[in-house]
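Got a minute to walk through how two chains meet? Take a look at the model first.

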2 protein chains.
Amino acid sequence: MDIHITLHGRHDLTGQIYGQLRAGIIEGRLAAHARLPSTRDLAAQLGVSRKTTLDVFDRLIAEGFLRTRAGDGTFVADGLTRLPAARAEPTSARARATGIWRKMPERMSMPMPPADITLDCDFKGGVTDKTLFPFDAWRRCINQALRTQARTGGGVASYRDPAGEQELRLGIARYLAFSRAVVCNWQDVLVTQGAQQALDLLARVVVQPGDVVAMEEPGYPPARAIFSALHARIAHVPVDEHGIVVDKLPRNTRLVYVTPSHQFPLGMPMSLARRIELLEWAAKRGAVIVEDDYDGEFRFEGRPVESLKSLDHAGLVAYVGTFSKTLFPDLRIGYVVPPATLSEPLWNARQVCDLHGCMLTQTALGAFMLDGEYAKHLRRMHKAYAQRRAALIAHLTGALAHWFEPMPSTAGIHLVTRLLEPWQEARVVAAAREAQVGLYGIAPFYAGKPLLQGVLLGYGGTSVPAIERGLKRLAGVMAAMGA
Amino acid sequence: MDIHITLHGRHDLTGQIYGQLRAGIIEGRLAAHARLPSTRDLAAQLGVSRKTTLDVFDRLIAEGFLRTRAGDGTFVADGLTRLPAARAEPTSARARATGIWRKMPERMSMPMPPADITLDCDFKGGVTDKTLFPFDAWRRCINQALRTQARTGGGVASYRDPAGEQELRLGIARYLAFSRAVVCNWQDVLVTQGAQQALDLLARVVVQPGDVVAMEEPGYPPARAIFSALHARIAHVPVDEHGIVVDKLPRNTRLVYVTPSHQFPLGMPMSLARRIELLEWAAKRGAVIVEDDYDGEFRFEGRPVESLKSLDHAGLVAYVGTFSKTLFPDLRIGYVVPPATLSEPLWNARQVCDLHGCMLTQTALGAFMLDGEYAKHLRRMHKAYAQRRAALIAHLTGALAHWFEPMPSTAGIHLVTRLLEPWQEARVVAAAREAQVGLYGIAPFYAGKPLLQGVLLGYGGTSVPAIERGLKRLAGVMAAMGA
């Protein structure tokens, strides 16, 4: 048989010959049962040593591409040459994902960092300040966790509890009881990969395709993405100054997703009366309530309203929290305190989804909480964020009052300010960007037609001087836009 | 009105009074619109300072439990007292999970650590040896990653790319090209929370309820749990000495899950001819193939067979790998190199499920790979595991040959040995446990009736001396069982 092998230089001759023979077999140029030249002849033909061709044949035989018949030479194995036909067919439609995953609407995805513009003052939401984070204390906790990790299991590493590391669950339970008035045992706490996974697991265990899920309008797009992906029918329920309008909840709602401490994105807390109305409604209808307390740790005015969880006597509320806003988002640690009936299902679901989280970070965070570092950090950040918020509000109600009106909000690390007529959100955002001020319109948070024009001002990733500069520049931008 | 408040000692008087008033309102004992005594009268009645009762009222007013009418006193707010009726109803059925999540069959869950028995030699699978892990190098990588984390984003922490940290994706792509003959760009690699999440994401984007998913019988229970949870119809396809029997695959299979490097649990590699048969079949039927290469890094005999991914010209194979077996399971890092058509859907799905993984560990592992530490560790573990495997096989084919026959296996960190007639798996496992030897039967890996009696011997978490001791003791156990 005639074999065309082209050697390029003298480097890795074995690899070159092996690769070309193998390709010839797979692509069908060397047919099944074809006899190969002897290793001696092939070596002579190519001007290489016999050892080289022997090595190549050995490898191809071991891999099943070639076979030998005693005293009869070496042949191409059969059953190997049928791929080319398959390859020739168009195949793009085969390994296709189901509809919803192929292209998610833009508004369902989290805002990613702005591409190429450098902003002098960025009011992006969902980001936090690392400059005030006690990295020294954190490094101590991480290194302590490394020692724990090396010791655990007596040198044998195995899978961990899907619910999370015990110290962290203990730290979270103590913190919730003390600071959020959510009384629970550490066994009630399921640690998750950020609040996002808590919401996904809750939805997976409660919602079936076609079930009605209610959420606030405007609301939190990543939660909407979860419910859509499960083929739920989503009811977008309006909010008023007290929170979600309970009267507008569909009667057959299976799950209600709400943000009572700090409505996302508008900011108002859900009033106590509305909370009780919602709980009563859920108890009557048999709906599960998911209470997402995503940044309620930072409260600047008034006393805290009772959490839905603490008012829940019917066992319907799953309380979800996160460290993404109090520490940083790339930590990816959140948690859920579910109703007792959902504890085991959530544990099962976490096991199926990804078994459990990162032991190192969980152990370190547990120590960080139990050592009091977390509480100290919260106090530090509370003070810093209070100053930023005060600076923001001072400008918005001062020099910018002609164009903006802040929505009432008592907590969190962002606020929303309405745009007074007749300025248009998209135009204002674009003009601000031109002036290197990062503003974010609220339109993407509406599933339907936006009822308000406004911008979200996050102060997690900025500073008082940057706020002063940015808002002065914004006043200039607005003035330049006319009126 | 008559208010019964009982003070226990003089500690936290405000809290005691507040709690009892609040409970009275929520439970309906203090009716809506009821007028409260003045703070002065209440203070006198309870023998506390006026400041205490003022503080209590302020808090209850701020929270919406009480309201004041100018010049007319303080009243219980309305809309707050309707909870008790709801609470009295039986509610356990309301916050219930859907069927599959409530109670997962035992065989679907990962083996958890044995409860209370101390084993002298434990052949548990899926665990690894930490004593040989270079914790010093790892600590350097982690501390370097901490510095990176502190610096990244100029002090602002935000969400990261759902596909994972770039250095790690680069490290994985290079490693795959060099060691696993899976040629890909770093952009093709999606980092996941262990292989389990890779499988879950793949199933979520490809499989719809009622779709047929084929897996090997016996097979990997955690994968089975994923497919069941998605309401797939699972076809349990037998394996022979070449791997999954392609002729037995249902024609309408949407996804085939296989473990070609080291069939889980039996151990034999899929032959090249069978691989090509499977690829051809999938191309004809339009099925997606998931190739789970969970411990193929440790190969002890023969040359590696081509991965399905490297033979796939039709764009149907998703290659899944993990660090759980090469480093340790609680790291929770795996990856998938999908067909191009599934890249964006998987990215979307990862974003919906949990946004992304732990930045710290990913960054550290990237450095660990790019610095060459990973390759070094693989060589070290390869040597150690080879010695353990040799010790195991020597005993199984020596003193234990009367009872056991190892299945052919060329790779991995466990092997399966058949039990020769007439010894029964469950009896042998129980007798071994009595003698402090941890054996694991293969029956739980069958979805249907087991076709073989055998035990799985993991050597990831043991040592040569422990193996010698354990198998000597096992020989005694077997002899004592008769014949």
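Predicted model: local features only at pLDDT ≥ 70, side-chain atom pairs only at ≥ 80, totals over all residues.

Residues are numbered from 1 along each chain as its sequence is written, chains are lettered from A in the order in which they are written, and side-chain values use heavy atoms, with hydrogens and water left out.

Q: What is the area buried between chain A and chain B?
A: Contact here means heavy atoms within 4.5 Å, and 109 residues of chain A touch 109 residues of chain B that way. Buried area is the accessible area (1.4 Å probe) that two parts lose on being put together, summed over both. Carbon and sulfur atoms give 60% of it, and the total is about 10,000 Å².

Q: Which residue of chain A forms a salt bridge with B:R204?
A: A salt bridge needs a side-chain nitrogen of Lys or Arg within 4 Å of a carboxyl oxygen of Asp or Glu. Chains A and B have four of them between them. For B:R204, the closest N and O atoms are 3.0 Å apart, and the partner is A:D200.

Q: Which residue in β4(B) stands opposite A:V156?
A: Strands are DSSP runs (E, at least two residues), numbered from the N terminus, and two of them pair if DSSP finds at least two bridges between them. Strand β5 (residues 156-157) of chain A and strand β4 (residues 128-129) of chain B run antiparallel, joined by two bridges. Opposite A:V156 you'll find B:D129.

Note on methods
Helix = DSSP H or I, 4+ residues; strand = E, 2+ residues; numbered from the N terminus.
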